[in-house]
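Colleague: Could you take me through the sheet in this one, strand by strand? I'd like a close look at how the pieces sit together.

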Amino acid sequence: MTQDTTVLEVSVWRGTALDGAYELFEVPAHENQTILDVVSWIQQYADASLTYRFACRVGMCGSCAMMVNDQPRWTCRTHVKKVLKDRRVRIGPLRNLPVIKDLAVDMDRFFDKWVAAGGAHVPSAGRGDPIPAVDPEESARVKASAGIECINCSICYAACDTVAGNPDYLGPAALQRAWTLLNDAKHDARAQILDAVSGTGGCHNCHSMGSCTVFCPNDLDPMSAIAGLKRETARGFFRRRGG
């Protein structure tokens, strides 16, 4: 039997995590088609009730993140031909976050942890103070700059098996943000960051499996940032013991 190469068999999660299942759709195949194109076609032509998120469509906002064949991806940048298996593909909501409906997840838990890790910037100077120069080649600034392109898409959070097994774990994005601010000369709450990331669910819960770094669409390295936090919190512990 000859396989129809003009049609894709797409399984899409419908419902919530507790009450849902995958539903099969037949979608026309096109050249240079992305997974987001596929989801949009289903919503426009097959089932208008399909719920999902997207905004920029060019890999800038991260809101279209979903599980594609059980791996977290930006769907706007994932070409169908790269993930297709025997004309089939499976699309689901991001792992490790509560499902609101279909492909849309509740991001509150993700951002609550981002805040809990000390992710809010605390300025070291007031509005009327002169702006001090920052050397972009200075060691701490290089470390801070390494993570500033994070757009909080939560791909790393969905990829993390530690998050899956430990709901208290702050997660890679929150800890990378903490490392960025810890090395930012203009941040005025570095001691509070070390306290926040050394407690329950903090950096020492990380098992260094590296999925966060492997799957980051922006080629960031949260695992190295978390390793940096582990070193700094350990140094702080021994300094207090020695003092």
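Modeller: Let's start with a pairing. Strand β1 (residues 7-15) runs antiparallel to β2, and nine bridges link the two; strands pair here if DSSP finds at least two bridges between them. Gly15 has Gly20 in β2 as its bridge partner. A word on the model itself: it is predicted, so local features need pLDDT of at least 70 and side-chain atom pairs pLDDT 80 or more, while totals for chains, interfaces and linings use all residues. Numbering starts from 1 along each chain as its sequence is written, and side-chain values use heavy atoms, with hydrogens and water left out.

Now the whole sheet. It is open, has five strands in the order β2-β1-β5-β3-β4, and its pairing is mixed. From one strand to the next, the twist averages 35 degrees; axes are lines fitted to C-alpha atoms, for helices over the stretch in contact, and angles run from 0 to 180 degrees between N-to-C directions. Helices (H or I, at least four residues) and strands (E, at least two) are DSSP runs, numbered from the N terminus; the protein has 10 helices and seven strands.

Across the sheet lies helix α1 (residues 35-46), which covers β1, β2, β3 (65-68) and β5 (88-92) and runs at about 95 degrees to β2.

The lining includes Gln71, Pro72, Arg73 and Trp74, along with Phe215, Cys216 and Pro217. The space in this pocket is about 210 Å³. For the definition: on a 1 Å grid over the protein atoms alone, a pocket is an open set of points where a 1.4 Å probe fits, with protein on both sides within 12 Å along at least five of seven lines, and lining residues have an atom within 4 Å of a point. Points are joined across faces, edges and corners, and the volume is the space filled by probe spheres set on them.

What about the cysteines? With a disulfide taken as a pair of cysteine sulfur atoms within 2.5 Å, the count is zero. Cys64 is in none, as the nearest cysteine sulfur, that of Cys76, is 3.7 Å away. Cys64 is buried, at 3% relative accessibility, where buried means under 20% relative accessible area with a 1.4 Å probe, protein chains only.

Terms used. Buried means under 20% relative accessible area, exposed over 50%, partly exposed in between (1.4 Å probe, protein chains only). Contact means heavy atoms within 4.5 Å.
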